[in-house]
Amino acid sequence: MPDHAPAPAGRRIALIAHDNKKRDMLEWAEYNLDLLAGHELFATATTGHLLQQQLGLPVTCFRSGPYGGDQQIGARIAEGEIDLLVFFWDPLEPHPHDPDVKALLRVAVVCNIPVACNRATADFMISSPLMGRSHQGQDPASGQAHHNQAALRVARAG
């Protein structure tokens, strides 16, 4: 049964943009400035500093992605300290930290947090009426993921 209790006062949102996507992130954040202002924001270094300097948003900054920032945000997701991930990554350019990018996306999916990888999805996510409801991520260490997989296999065997 879904939990429809009110969400906490604000969500904890991680914002990351690869170099070729930083303009998209700035434009998206500016368009959604009023919505973002009600949430606690986290970002990798360059993205976070751009959001602070250009838009005046308070952002907790981690290291740059290639220097461990993606891993730092992934760890926060795994600990249940990030509720949503907006990650404008560039699929057309190779990145030296591609394994970190893949690991970040993997932990977000495993922990069942919403992920937006482009402006259209980010718009749907930030404006969703579900932003006002509580959402429980998934702790893979709890065994819930294994239980969900077993239930899915049973349902498919049907």
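Here are some notes on helix packing and a few individual residues in this predicted model.

1. Let's start with helix α4, which covers residues 69–78. Its buried residues are Gly 69, Asp 70, Ile 73, Gly 74 and Ile 77. Viewed down the helix axis, these buried residues fall within an arc of 140 degrees, so they line one face of α4.

2. The pairing of α4 with α5 is worth a look on your screen. The two axes come within 9 Å and cross at roughly 15 degrees. Since angles under 35 degrees count as roughly parallel, that makes α4 roughly parallel to α5. The crossing is left-handed.

3. Which residues make this contact? From α4 come Asp 70, Gln 71, Ile 73, Gly 74, Ile 77 and Ala 78, while α5 supplies Asp 100, Val 101, Leu 104, Val 107 and Ala 108. Sorted by class, the contact of α4 with α5 has seven nonpolar, two polar and two charged residues.

4. Along the chain, Asp 70 and Leu 104 are 34 residues apart, yet their C-alpha atoms are separated by 6.3 Å. Both residues belong to the contact between α4 and α5.

5. On the α1 side the contact is made by Asp 24, Glu 27, Trp 28 and Tyr 31, and on the α6 side by Arg 119, Ala 122, Asp 123 and Ile 126. By class, the contact of α1 with α6 has four nonpolar, no polar and four charged residues.

6. Finally, two backbone details. Just after α4, Gly 80 takes a positive phi of about 80 degrees. Asn 112 also has a positive phi, near 60 degrees, and is a residue other than glycine. Most residues other than glycine have a negative phi. You will find Asn 112 in the loop between α5 and β5 (115–116). Is Asn 112 buried, partly exposed or exposed? With 37% relative accessibility, Asn 112 counts as partly exposed.

Conventions:
Residues are numbered from 1 along each chain as its sequence is written. This is a predicted model: local features need pLDDT of at least 70, side-chain atom pairs count only at pLDDT 80 or more; totals for chains, interfaces and linings use all residues. Side-chain values use heavy atoms; hydrogens and water are left out. Buried means under 20% relative accessible area, exposed over 50%, partly exposed in between (1.4 Å probe, protein chains only). Helices (H or I, at least four residues) and strands (E, at least two) are DSSP runs, numbered from the N terminus. The arc is that of the directions from the helix axis to the C-beta atoms. Contact means heavy atoms within 4.5 Å. Ala, Val, Leu, Ile, Met, Phe, Trp, Tyr, Cys and Pro count as nonpolar, Asp, Glu, Lys and Arg as charged, and the others, Gly among them, as polar. Axes are lines fitted to C-alpha atoms, for helices over the stretch in contact, and angles run from 0 to 180 degrees between N-to-C directions. Angles under 35 degrees count as roughly parallel, over 145 as roughly antiparallel, 65 to 115 as roughly perpendicular and the rest as oblique. A crossing is left-handed if the near helix is turned anticlockwise from the far one by less than a right angle, and right-handed if clockwise.
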